[in-house]
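Keep the viewer open as you read.

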Amino acid sequence: MYKAEEIIKTSKREEIIDITELIKKHIKLSNIKDGICALFVPHTTCGVTINENADPSVKSDFLNQMKKLIPQQGNYLHSEGNSDAHIKSILVGPSLTLLVWDGQLVLGTWQGVYFCEFDGPRNRKLLISIL
Ligand code: ZN
């Protein structure tokens, strides 16, 4: 099994970062031709997901709608002041299971792998296992 840890440096409170090329780099380094690439973020206010990477406005629309659905200020009980970020993280999820076929990351034509920051800027850990 191939294991790697990356630090994702985010620069805003809420940000979507395309990590597709980073994941492809690790798949190549792993030398695993057919298997599974698992991603995991050991954090409670960020996440990983897959979505369209052709039109950058998709990322903006996602963050803008998430802000409307889950406002930063609200009637929250959590005293740290970042309940919205926890809820967004729950919705996006902390992990992904990706397919590796013939040494390539399997994605649809329009898909990219995204790291989603909801309480930055911070340095985040991204854990990668390929088996
Ligand atoms: Zn919190």
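Here is a short tour of the metal site, a helix and a few backbone details. This is a predicted model, in which local features need pLDDT of at least 70 and side-chain atom pairs count only at pLDDT 80 or more, while totals for chains, interfaces and linings use all residues. Residues are numbered from 1 along each chain as its sequence is written, and side-chain values use heavy atoms, with hydrogens and water left out.

Start at the zinc ion: its protein donors are His-78 (NE2), Glu-80 (OE), Asn-82 (OD1) and His-86 (NE2), lying 1.8 to 2.2 Å from it. Donors here are N, O and S atoms within 2.8 Å of the metal (3.2 Å for Na, K and Ca); water is not among the atoms, so sites may look incomplete. Along the chain, the donors follow the spacing H-x1-E-x1-N-x3-H.

Now look at accessibility, where buried means under 20% relative accessible area, exposed over 50% and partly exposed in between (1.4 Å probe, protein chains only). His-78 is partly exposed, at 36%, whereas Glu-80 is exposed, at 54%.

Helices (H or I, at least four residues) and strands (E, at least two) are DSSP runs, numbered from the N terminus. Helix H3 covers residues 83-92, and seven of its ten residues are buried, so the helix is largely enclosed by the rest of the structure. Among those buried residues is His-86. After H3 comes Gly-93, with a positive phi near 95°.

Finally, visit a loop: between S7 and strand S8 (123-130) you will find Pro-121. The peptide bond from Gly-120 to Pro-121 is cis, with omega near -5°.
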